[in-house]
Amino acid sequence: MVWSDAEATAAPAMSTMDHAQAPKIRESVLKAENLTKQVSSPEGPLTIVHGVSFDIVAGESVAIVGSSGAGKSTLLALLAGLDLPTTGRVLLAGTDLTTLDEDGRARLRAQRVGFVFQSFHLIPALTALENVMLPLELAGRDQARREALEALTRVGLKERTGHYPRQLSGGEQQRVALARAFVTRPAVLFADEPTGNLDTVTGGRIGELLFELNAQSETTLVLVTHDRSLASRCERTIRMEAGRAIEEASAQTGGVRAVGDAWA
Amino acid sequence: MRLIALALRSLAREWRSGELGVLLLALTIAVAALTGVGFLVSRISAAVDLQASEVLAADLRLGSTQAISEHYADEATRRHIDTARITLLLSVVFNGEQSQLSDIEAVSAGYPLRGNILVADEPFAKGTVTRSLPRPGEVWPDSKLLAAVGAQVGGQLSIGAATFKIGKALISRPDQGSTFAELAPTVIMNEGDLPQTQLIQPGSRVSYRALFAGDRSRIDLFKTWLLAHKTRSERLRDISDASPQISSAVERAGRFLSLASLVSVLLSAVAVAMSARRYVARHLDTVALLKTLGATRAFTLSINILQLLIIAVTADIIGSGIGFLAQEWLIHALKGLLATTQLPPASLTPIGIGLLTDVAVLAGFALPPLLQLSRVPAIRVLRRDIGPPPALILLAFGPAVAVVVFLIYWVVLDWRLFWGFSLGLAAFVLLLTGAGAALVSIAGRLRGRVGVAWRYGVANLSRRRAESVVQIVAFGMGIMVLLMLAIVRDDLSADWRRTLPINLPNYFFVNIPPGERTAFVDFLKERGAQTTRVLPMIRGRMTTINGRPVESYPFGRQDGDNLATREQNLSWAQEPGENNRVIEGRWWTKADFGKPLVSLASEMQAQLGLQVGDHLSFDVAGESFNVTVASIRKVKWDSFEPNFFIVFAPGVLDDAAGTYLTSAYFKSTSSHTLAQLARKFPSVSIFDIDELLTQVRSMLDKAVLAVQSVFAFTVFAGLTVLLAAVQSSRDERRYESAMLRTLGASRSTVLKGLLAEFTTLGLLSGLLAAMGASVAAYYMTTRVLELHYSFEAWVWAAGLGSGAILVAFSGWVATRSVVNQPPLSTLRAG
């Protein structure tokens, strides 16, 4: 493993410092306005997300927590434009997602959005390097290979660029996924249970890496998680309960406490 | 660019997953079957065209009984078309006291424009090709003429008022024809010498030919010009009507073989559809992810289409290569069936046709599922239960139906044939499917009586019932056709031998001069031969039917024109002959002798629509005969006795110049006698019927071989369906195998189960094939060919054996890796 504990511990401290020095007034990068998502079910219409509104500013980190079926993943899908709300709208980097068609939203994602998933979602047919190159190529970047190599080096996988996903461990796969997510320097990074499929130790390391990369690239992070310690490192926490959003903790203290919890 | 790179990269990796391999294999086999037939047919048709040109010694031939205007030749020269002239007349050729009525051909420089003249220094020798022509004052008589008048090369011959030196013995010329009648003794001479002979007098029987040859396109244009400018009495022949039977036979055979190869294409399409389905199922996640990362629908679709195109082109290249080799092998195996030894090179069109077919099959069978794939929503990355929206039935099956219609119509080019073939094939497949389903369910019921491995195997078949039936039918179909062809071929040649009487004539003798007739028959009888009737044979042309010229007579059938206008062999006889049965009108009595009556074979009635009472006129050596049809005869041609389509009443044609023909049975040891006979009667042509029959039989065997080899591709196409089915059940099988092994089954038990499953599948396919082949062959031999059908145990053994071995082996190869995987990794991944 190239990844060392020394690096890991250094990261969160830096991240909190960065946030502390950030300007007070930051522009809105992701705005939910009265989002509602209804689906039809055998028992009649079912409301999964109910009138959710919030505003996330550039560089902010927000955890979306809640029990299973509370609407976390649906909310994430709506925010990322993977799905459309029944009513309400989402403004991502100033663009109203509800006015775009499927391809338009895809193009916007290619330019502004990164993803990390619980089950990694690497393409099995492509090597680690090729997986990281993919979003760059989709966004039409010229230096895809060079940038992808740099990203893999940052996550400590420089030596494994030619490996296929099935030749990598779970933690390594998620690190490739992190490299892939950050390589385009997205405005917003959506992470859906990024440590959910990993054991505690590996999950902890991935969490560290996630926050470190996030701090380095000043990306806005929207994190869906069950993991309280992970959630507590975010500046804000939005709790989903039966489709409604409840703003939970205030920013800085929670973040600092999370660092203490993890390395105590 | 990045699209192509991405498509290529993932294509290379996808290769390992298997279904692309099946896709490529299926398409390759489809292309191989199609191009193999395409190459073969293109080469044979080109050979037939070339041969036809040689029969004319030109590409176009204008014939007339009047001298042909030089105007045509001038126009041809202006159009850069080669020309030559032939003047033909019939005259007696003398060598001292010995004489022979012969065809005199006076040829101009350039003759022959197509084909070669072969000459030698002595008669009947092996000829060598010459590009020169007889010099002035020189003639080249053929072997028969030299033998008839007892002359040698270097000697002299008198023709009309002139005497010529014999320069060479003419062995063959391209336009000598191949019918018995056209084998009259011939001499060719230089056109410049013709006036000296003084043979052309007012009223003499002369015919003229102008020959033209050149580029196909120029010839086509010139033909149009010529048709517009020629006089009514001038007859134009080109390669398409020089040998219409052969051309249309080749065309029909080609169409049949193309249809046969289409069966392989359709089976491959089934395999393609099965592979595409699994491909789509496995790629839903990837496409959803690509979309999440920002790929548009068009982009994901383009990658997949690009991959398919790469596979199509690869399949076309490999398939065309295999098709070409198969065709080379077939040409080699068919040697002798084709008259020419030198076949022109194959055209490259089949490669294009192969690619077009490939793309069409992909568009019809793989594109609809891929379109569905591109519609999978991005949200699937978060919720795996969400798939693409359901496709419209029309979009899912419409393209496949359209492609099948397109492919079949493309081959048959006729809506009636299209419906005949499509409905026939559909009924056939339905019937086989029904039988296959019955077999699977019977096998399922019997499984309680077998051991654990077999029970597991057969249970698998019953569980994946639909797939099993598809595999049994797809695989059984090819084997069935192969078996059926083998049975019919065996019955055909066995029957031939069985039905022929022992003392059937085995030699035909043609061109017996009238003066030698008695001596010839006596010669045969003295040497113990059993002779048949001796009939006169006179060459003539039918000129009018009920007062209308045959050229403009409205025959109902296409081939009627050819049968009516060709040179006819006429005969006359007192009795109808043993193997002739009068079916209409009546045969003449003594009182009718000398009356202008003819009796026609029933074929003339069937093809020309002639009836008893119709008036016909014939031109025999310049003399016109007007006759009435008195009777129609059904002729048993396979009696190998002399018989004629057109027989005159005695006393009408008796004075016309002609020769006699007969047949006889000789014991096979009398080759010495034949040699004696050939020396004593040099003008008589001898035809060995045994040899002809052997040739016919070997031609039949070769034709069957050609058809069988096309259907061999059907068997391979059936195998790809099997592989596609195995592929689609791979994940399931892997999981089951891991479960069984976890529960304590040994690796060999699981393997035995798989082997049992595929062996049963193969046995069922073979059983279906043997049943189908026996039924079809029974129908073919007893109803269509009217032969005796004999039950053959080997058919069943071959069907069951080949089915079991082929399927068991292929199935084992395809699933081996499933069992080899350690159970733990499978269960974890699953």
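Student: What makes E20 and E21 of chain B a pair of strands?

Tutor: In this predicted model, E20(B) and strand E21 (residues 623-635) of chain B are joined by six bridges, in the antiparallel sense. Two strands pair if there are at least two bridges between them, so six bridges meet the cut-off. One of the bridge partners is B:Glu623 in E21(B), which goes with B:Val620.

Student: What do E20(B) and E21(B) form, and how many residues lie between them?

Tutor: They form a hairpin with two residues between the strands. In the turn, B:Ala621 has a positive phi of about 45 degrees.

Student: How do you know that E15 of chain B pairs with E20(B)?

Tutor: Four bridges join strand E15 (residues 535-545) to E20(B), and the two run antiparallel. At least two bridges are needed, so these four count as pairing. B:Met542 stands opposite B:Phe618 of E20(B).

Student: Which residues of E20(B) are on the covered face, and which on the uncovered one?

Tutor: In strand E20 (residues 615-620), B:Leu616, B:Phe618 and B:Val620 make up the covered face. The uncovered face has B:His615, B:Ser617 and B:Asp619.

Student: How many residues does each chain give to the contact between A and B?

Tutor: Chain A gives 24 residues and chain B gives 19. On the side of chain A, the elements that give two or more residues are helix H2 (72-79), helix H3 (102-112) and helix H4 (128-138). H3(A) gives the most, with six residues.

Student: How many residues on that side of chain A are nonpolar, polar or charged?

Tutor: The side of chain A that touches chain B has 14 nonpolar, two polar and eight charged residues.

Conventions
Residues numbered from 1 in each chain as written. Chains lettered and ligands numbered in written order. Predicted model: local features only at pLDDT ≥ 70, side-chain atom pairs only at ≥ 80, totals over all residues. Buried ≥ 20, exposed ≤ 12 C-beta atoms within 10 Å, placed from the backbone. Contact = placed C-beta atoms within 7 Å. Nonpolar A, V, L, I, M, F, W, Y, C, P; charged D, E, K, R; others polar.
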